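The following exercises ask you to read a structure step by step.

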Amino acid sequence: MSTCTLCEKREAVFMRPYSGERLCRRCFCESIENKVRATISRYEMFQPDDNIMVGVSGGKDSVTLLHILTKIEKKFPDATLYAVTVDEGIKGYRDEALKFAVENCRKLGVKHVVTSFKQMYGYGLDELVNMIEEKELTPCSYCGVLRRRALNTAAREAGVEKLATAHNLDDETQTMILNILHGDVLRLTRVKPVLTVVHPKLVPRVKPFCEVPEREVALYAYLKKIEFQSVPCPYAGTALRNDVRAILNRLEGKHAGTKFTVFRSMERIRPALEAMAEEVKLRECNKCGEPTGSELCKPCQMLEKLSIA
Ligand code: SF4
Ligand code: ZN
Ligand code: ZN
């Protein structure tokens, strides 16, 4: 490749198709860190003294986010960074990933909290999957709902102001398209960089990677020699999400910048959708006392269906 278009000194290792930049290793890594800083400030994700908990599964995106936030937060000595790993109980997968999460937290000197489905709900995902009869709900539907609850509980118990997750541009645009394909248009109001549903028991969630394409997260991790788990989850992805991923990647390959366009379009449409959506009044679940829009929260409904709550 040729010379880096930013420093005009070092050899370029990456060509960014949607901007035309050719970047050397150092300028590329700095560009990702700057992008994350810009996203944080554009969406006002953090206050200088916010304590932050990062959801770290042990996979590429979350471990890389932890590295970058550790670097950024060094400039804010009043804030403490924590990591949390939820062990869903997926044999041969999460137990492996947990080792990477532990090791990265140790190297970075980040306080690490580990929680599990077993501890919170009495059963791990593998056990729950064996009980699922209703086929329209996939292991991922249970996993997603139960993990969100586990993350919120861990963040609340740690007393942090923000919970950061590593959803990248690809995750976000896939979810946007999936909501449309499912006919769940108003759900689009919940796919956004900062989620602040106001309730004292809910910790606001932020996504500092939402404007970074997945392949750039992967390249950053590779160039920085970050170690993470790369084996996919045995229950990974529904067929539809895989199709949407493939279509978006094909479009991006032919028309660079497509994913950003989808993301920005959503940013513009969202206020109108929010105005259409009825404001959900949050109350406390009759069973567990966690915030919910109905009498029983989603995790309690799911566990009740399996007749174990
Ligand atoms: Fe959970 Fe599905 Fe992700 Fe596996 S792929 S960790 S089951 S959400
Ligand atoms: Zn350079
Ligand atoms: Zn409940």
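**Exercise 1.** Find the residues with the most contacts inside the largest nonpolar core, and say how many residues that core has.

*Solution.* Begin with the term itself: a nonpolar core is a set of buried Ala, Val, Leu, Ile, Met, Phe, Trp, Tyr and Cys residues joined through side-chain atoms within 4.5 Å, where buried means under 20% relative accessible area, exposed means over 50%, and partly exposed lies in between (1.4 Å probe, protein chains only). The largest such core has 48 residues, and those with the most contacts inside it are Phe28, Met45, Phe46, Val54, Leu66, Leu69 and Phe209. Next, take Val54 as an example: if its neighbours within four places in sequence are left aside, Val54 is in contact (heavy atoms within 4.5 Å) with Leu65, Leu66, Leu69, Leu81, Tyr82, Ala83, Val84 and Ala164. Finally, a second, separate core of 26 residues includes Leu125, Leu163, Cys233 and Met302. In soluble globular proteins, nonpolar side chains tend to be buried together.

Before going on, note that this is a predicted model, in which local features need pLDDT of at least 70 and side-chain atom pairs count only at pLDDT 80 or more, while totals for chains, interfaces and linings use all residues. Residues are numbered from 1 along each chain as its sequence is written, chains are lettered from A and ligands numbered from 1 in the order in which they are written, and side-chain values use heavy atoms, with hydrogens and water left out.

**Exercise 2.** Which residues coordinate the zinc ion (ligand 2), and why is the arrangement called tetrahedral?

*Solution.* First list the donors, which are N, O and S atoms within 2.8 Å of the metal (3.2 Å for Na, K and Ca), bearing in mind that sites may look incomplete because water is not among the atoms. For the zinc ion (ligand 2), the SG atoms of Cys4, Cys7, Cys24 and Cys27 coordinate at 2.3 to 2.4 Å. Then check the angles: four donors count as tetrahedral if all angles lie between 85 and 135 degrees, and the 4 donor atoms here subtend angles of 101 to 117 degrees, so the arrangement is tetrahedral. Along the chain, these donors follow the spacing C-x2-C-x16-C-x2-C. One pair links distant parts of the chain, since Cys7 is in the segment before strand 1 and Cys27 in helix 1 (residues 25-42), 20 residues apart; helices (H or I, at least four residues) and strands (E, at least two) are DSSP runs, numbered from the N terminus. Cys27 is buried, because its relative accessible area is 9%.

**Exercise 3.** Is Asn104 buried or exposed, and which residues does Asn104 touch?

*Solution.* Locate Asn104 in helix 3 (residues 94-108). With a relative accessible area of 3%, Asn104 is buried. Not counting residues up to four places away in sequence, Asn104 touches Val63, His67, Ile226 and Glu227.

Definitions and conventions: Four donors count as tetrahedral if all angles lie between 85 and 135 degrees; four count as square planar and six as octahedral if opposite donors are over 155 degrees apart and all others between 65 and 115; anything else is irregular.
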